[in-house]
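Subject: Structure for your study

Dear colleague,

Please find below the structure that I would like to hand over to you. My notes on it follow.

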Amino acid sequence: MEAITELRAQLQAHLTSMYATGAVDAYFQQLQELDEGSAGTGYVAEVLNIFLNDGDRILRDIDGLLNQPLHEVDFCKVDALVQQLKGSSSTVGAKKVNLACMDFQKFYVAKNKKGCLMALALLKGDFCDVRNKLQTLMQLEQQIASLVSMW
């Protein structure tokens, strides 16, 4: 029982840190409340895993588009991909990723490849940070669920 209490304290501290650092926002809290209302079916973990997998794919696709010669870069496709990531990050409450997507916009609208590459590097860093925080959160929740099921 002590292990469960300790893990719950770690989980709460981790969540507090995620909000304090701006990694997530109120939409994330709403998403978590959906899971609480569904008797722990793992809905939130599934949604977050979809977001993370889609985000990885989108970032790879943007990277591929921007690694073309300037005259071949399809900034409309870059726009569509960034907007897709912005929308999904907003849906799950990944505030840090959402803000990085908004910052990215000024560069692809201006067809500024150098600025886009810089914004992409920042977006990748922010996405990686949020991914690590979400994965840690899901691992803690899974550990708690495993211990609770043993009792």
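Helix α4 is followed by G93, whose phi is positive, near 80°; helices here are DSSP runs of H or I with at least four residues, numbered from the N terminus. The model is predicted: local features need pLDDT of at least 70 and side-chain atom pairs count only at pLDDT 80 or more, while totals for chains, interfaces and linings use all residues. Residues are numbered from 1 along each chain as its sequence is written, and side-chain values use heavy atoms, leaving out hydrogens and water.

Within α4, the buried residues are F75, V78, L81, V82, L85, S89 and V92 (buried means under 20% relative accessible area, exposed over 50%, partly exposed in between, with a 1.4 Å probe and protein chains only). Seen down the axis of α4, these buried residues fall within an arc of 120°, so they line one face of the helix; the arc is that of the directions from the helix axis to the C-beta atoms. On the other side of α4, C76 and T91 are exposed.

Q32 belongs to helix α2 (residues 26-37). Its relative accessibility is 14%, so Q32 counts as buried. Apart from neighbours within four places in sequence, Q32 is in contact (heavy atoms within 4.5 Å) with L15, Y19, V44, L137 and E141.

Yours sincerely

Note on methods:
Helix = DSSP H or I, 4+ residues; strand = E, 2+ residues; numbered from the N terminus.
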